[in-house]
Each structure stands twice: as C-alpha cells, then as structure tokens.
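Let's take a walk through this fold together.

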Amino acid sequence: MSTSAAPKRPAIGLAPMTATHLADVLALGRQVYDTSVKPYTSWSLSAIAGHLDSEASACWVALDGDRLAGFVLGSMGFDQRADWGNLEWIASAPEYQGQGIASRLVKACCATLAEAGASAVVTDVESRNTASAALMRSNGFQASVTVTLFVRETRD
C-alpha cells in the first residue's frame, strides 16, 4: 500500500514592500484593525506610500506566493529623535496568525532600522491589544512610557 504525502506548502517569504503591495496592505490593515479604538490606527494609501518612499524605509511584506500574509511599516525618525526608528504598523492576515509571521516581520523591520543607524526602535500598542503586546515583548521590546489619549466629543 502506498501513501502519498500531501503536497508541501511553500514557505511564506519576506520581501521589501513595493508599490505593487500598497492596495493589499491598506486592505489588510483595515480588515485587521479596529479603527474606532484610536484615530491613528487607520492609514490612507498616501500615508503608506509615503512610508514606502521614505529615505530609510523599513517596510516589509510576508507573501504566500502572491498572497499578502502580513506587513510591517517602519521608518527612521521618531518625534525629535532622528536616531530612533519607528515600527509603526504591523498586521498578519487572520488565517496566518500564530505562525510566527509577525515576529519575522518585526525582526526584519528592526534589522533594517538598525542598519540605517537606529539606536533604538519605538512602537506603540493599544492597551487592549494583548497579542501585539506579547509579540513586542517576545521580540525584545519593553514597556516604557504610557500615554493616555484623551478625547472630548463635540456633539451636544
């Protein structure tokens, strides 16, 4: 009796983000993030393109063939610290979560920023996003400054 093994799925590869990925990155970000939590978890196509076009872009995609499995956006400069990198937006498609893709993306982004001269990499995580907080801790990030976003509704 012969048994045939199931075809092996190709490994999910990482690649620098290009303009061809912009629409898929925007769609995945909107799918994964609850933009009602914080106003800046919603990005525009032009904001993503600006990141991609920055001098020290640290934007990466995880690809399953031609399919976007995840992405990270990073760049040099954080507030007044030109020597700090900023890991600004990361997402894994729901069907790929738990496979280590986000951790690989964090490592690629941080390595790119370090090569560009970053002495530190900064990121922020919404307080209820325990999965992202765990991801960052497992990749060497430590909680530092806590900022509370205060919102005043203007409706009567």
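**A guided look at the fold**

The protein chain contains four helices and five strands, where helices (H or I, at least four residues) and strands (E, at least two) are DSSP runs, numbered from the N terminus. Starting at the N terminus, the order of elements is β-α-α-β-β-β-α-β-α. Please keep in mind that this is a predicted model, in which local features need pLDDT of at least 70 and side-chain atom pairs count only at pLDDT 80 or more, while totals for chains, interfaces and linings use all residues. Residues are numbered from 1 along each chain as its sequence is written, and side-chain values use heavy atoms, with hydrogens and water left out.

Now for the chain as a whole. Of its 156 residues, 37% count as buried; buried means under 20% relative accessible area, exposed over 50%, and partly exposed in between (1.4 Å probe, protein chains only). The accessible surface comes to about 10,000 Å², and carbon and sulfur atoms hold 53% of that surface; the areas come from the Shrake-Rupley method with a 1.4 Å probe, and for residues only the protein chains shown count as cover. Among contacts (heavy atoms within 4.5 Å) with a separation of 6 or more, 62% link residues 24 or more positions apart.

Five strands form an open sheet in the order 1-2-3-4-5, with mixed pairing; two strands pair if DSSP finds at least two bridges between them. Strand 1 (13-16) and strand 5 (120-122) are the edge strands, each pairing on one side only. From one strand to the next, the twist averages 30 degrees. Strand 4 and strand 5 run parallel and are joined by three bridges, and Gly 85 stands opposite Val 121 in strand 5. Helix 3 (residues 101-115) packs on this sheet, touching strand 1, strand 2, strand 3, strand 4 and strand 5, and its direction makes about 160 degrees with that of strand 4. For such angles, axes are lines fitted to C-alpha atoms, for helices over the stretch in contact, and angles run from 0 to 180 degrees between N-to-C directions.

Which residues of helix 1 (residues 22-32) are buried? They are Leu 22, Val 25, Leu 26, Leu 28 and Gly 29. Seen down the axis of helix 1, these buried residues fall within an arc of 165 degrees, so they line one face of the helix; the arc is that of the directions from the helix axis to the C-beta atoms. The face turned away from the buried side carries the exposed residues Ala 23, Arg 30 and Gln 31. Cover for the buried residues of helix 1 includes helix 2, strand 2 (60-64), strand 3 (67-78) and strand 4.

Helix 4 (residues 130-138) has Ser 132, Ala 133, Leu 135 and Met 136 as its buried residues. Down the axis of helix 4 they fall within an arc of 160 degrees, so they line one face of the helix. On the other side, Thr 130, Ala 131, Arg 137 and Ser 138 are exposed. Strand 4 and helix 3 are among the elements covering the buried residues of helix 4.

Finally, zoom in on two residues. His 51, in helix 2 (residues 45-52), is buried, with a relative accessible area of 11%. Leaving aside neighbours within four places in sequence, the contacts of His 51 include Trp 43, Cys 59 and Glu 88. Ser 92 belongs to strand 4 (residues 81-92) and is buried too, with a relative accessible area of 8%. Not counting residues up to four places away in sequence, Ser 92 touches residues including Leu 28, Ala 69 and Ile 101.
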